Structure formats: C-alpha cells, structure tokens
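Student: I am new to this structure and would like to go through it step by step. Could you show it to me and begin with the terms I shall need?

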Amino acid sequence: MVKMIFVNLPVAELARARAFYEALGFVNNPQFSDEGSACMVWSEAIHVMLLAHAKWQGFTSRPIPPAGMSEVMLAVSCESREAVDRMNEAAASHGGTADVNPQQDLGFLFNRSLADPDGHVWEAVWMDPAAIPAG
C-alpha cells in the first residue's frame with residue numbers, strides 16, 4: 001500500500017473551499033466526500049480533507065483558529081516555475097490571497113506562498129535538484 005497523507009482543514013464554506021482547491025488543480029474524490037466534507041486529491045499520496053466546521057468539531061474539541069493565524073505552512077511541489085506562478089494567480093482569482101509571504105528564488109528553488117479563503121497557508125514550490133550548488 002502506498003503511504004499517504006490526508007491533511008484535514010476546517011473550512012467555513014465547503015462549496016467555496018472546494019471550488020478554490022479545484023481552481024488550484026486539486027481533484028475531488030466523491031468516494032470520500034459528503035455534505036460536510038470534500039476529499040481533494042493533489043497526487044496519489046496527498047489528499048486534503050476539507051471539513052465544514054460542524055464536521056470538523058466531530059473529530060476534535062480543539063477550537064478552530066481564527067482566519068489569519070497559522071499553525072502550519074503546507075508545501076506542494078509543482079512541475080515548473082510557471083506552474084508555481086499559475087497556482088498563485090489561481091489563488092488570487094478564486095477567493096484566496098497570493099504571496100502571503102515573500103517569494104523565494106534561489107535559482108534551483110522557487111516558491112511562492114498563498115492562502116486559501118479560510119487563511120490556510122500553502123507554499124507552491126519548484127526545485128531542480130541537479131542545480132543545487134555543491135556544499
């Protein structure tokens with residue numbers, strides 16, 4: 001069995017969140033989605049579970065942090081620098097915020113951060129391992 005990660009995120013408006021993630025290139029898996037959740041697939045191993053607040057609270061009694069606060073910054077790899085740019089442009093035009101942190105360009109590594117409509121921070125990253133400087 002492939003080792004997988006399921007990132008669970010509380011969202012205020014499930015339909016808005018699902019549309020946002022679809023605009024970034026995630027694909028909905030209806031097998032694991034219902035009226036309170038949407039399973040959004042980035043790759044065979046990476047899935048994001050969008051959970052409406054009521055569904056989220058069925059899993060934990062911990063409070064949902066207010067928008068604008070971050071506990072984690074999640075990163076996903078992109079196939080090119082242009083794909084990193086496209087992901088940020090899609091975020092900005094679909095209810096999220098592009099460039100919530102300064103972009104980083106090290107030549108061999110390029111990344112830009114974005115936030116979804118609920119304030120969850122993601123980093124789109126492109127890297128060329130063959131171009132990493134020695135030492």
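Predicted model: local features only at pLDDT ≥ 70, side-chain atom pairs only at ≥ 80, totals over all residues.

Student: Which residues of helix H1 are buried, and where do they lie around the axis?
Tutor: Helix H1 covers residues 14–24, and the buried ones in it are Leu 14, Ala 17, Phe 20, Tyr 21 and Leu 24. Around the axis they span an arc of only 125 degrees, so they are on the same side of H1.

Student: How many helices and strands does the protein have, and what is their order?
Tutor: The protein contains three helices and nine strands. Read from the N terminus on, their order is β-α-β-β-β-α-β-α-β-β-β-β.

Student: How does its radius of gyration compare with the value that the globule rule gives?
Tutor: For 135 residues the globule rule gives 14 Å, and the protein has a radius of gyration close to this, so it is as compact as a globular protein of that length. The C-alpha atoms fill a box of roughly 50 × 35 × 25 Å along the principal axes. The radius of gyration itself is 16 Å.

Student: What share of the residues is buried, and what share of the contacts joins residues at least 24 apart?
Tutor: Of the 135 residues in the protein, 41% are buried. For the contacts, the count takes in pairs of residues at least 6 apart in sequence, and among these the share joining residues at least 24 apart is 50%.

Student: Is Trp 126 buried or exposed, and which residues does it touch?
Tutor: Trp 126 is found in strand S9, which covers residues 121–127. Its relative accessibility is 17%, so Trp 126 counts as buried. Ser 77 is 49 residues away from Trp 126 in sequence, yet their C-alpha atoms are 5.8 Å apart. Leaving out residues up to four places away in sequence, Trp 126 touches Cys 78, Glu 79, Ser 80, Arg 81, Val 84, Gly 107, Phe 108, Leu 109 and Phe 110.

Student: Where does Phe 108 lie, and which residues is it in contact with?
Tutor: Phe 108 lies in the loop between S7 and strand S8. At 17% relative accessibility, this residue also falls under the cut-off, so Phe 108 counts as buried. Apart from neighbours within four places in sequence, Phe 108 is in contact with Trp 126, Met 127, Asp 128, Ala 131, Ile 132 and Pro 133.

Student: Where is Asp 99 found, and what does its accessibility of 33% make it count as?
Tutor: Asp 99 is found in the loop between strand S6 and strand S7. Its phi is near 50 degrees, a positive value in a residue other than glycine. Since 33% falls in between the two cut-offs, Asp 99 counts as partly exposed.

Methods:
Residues numbered from 1 in each chain as written. Heavy atoms only, no water. Helix = DSSP H or I, 4+ residues; strand = E, 2+ residues; numbered from the N terminus. Rg over C-alpha atoms; globule rule 2.2 N^0.38 Å. Buried < 20%, exposed > 50% of the residue type's maximum accessible area, 1.4 Å probe, protein only. Contact = heavy atoms within 4.5 Å. Arc of directions from axis to C-beta.
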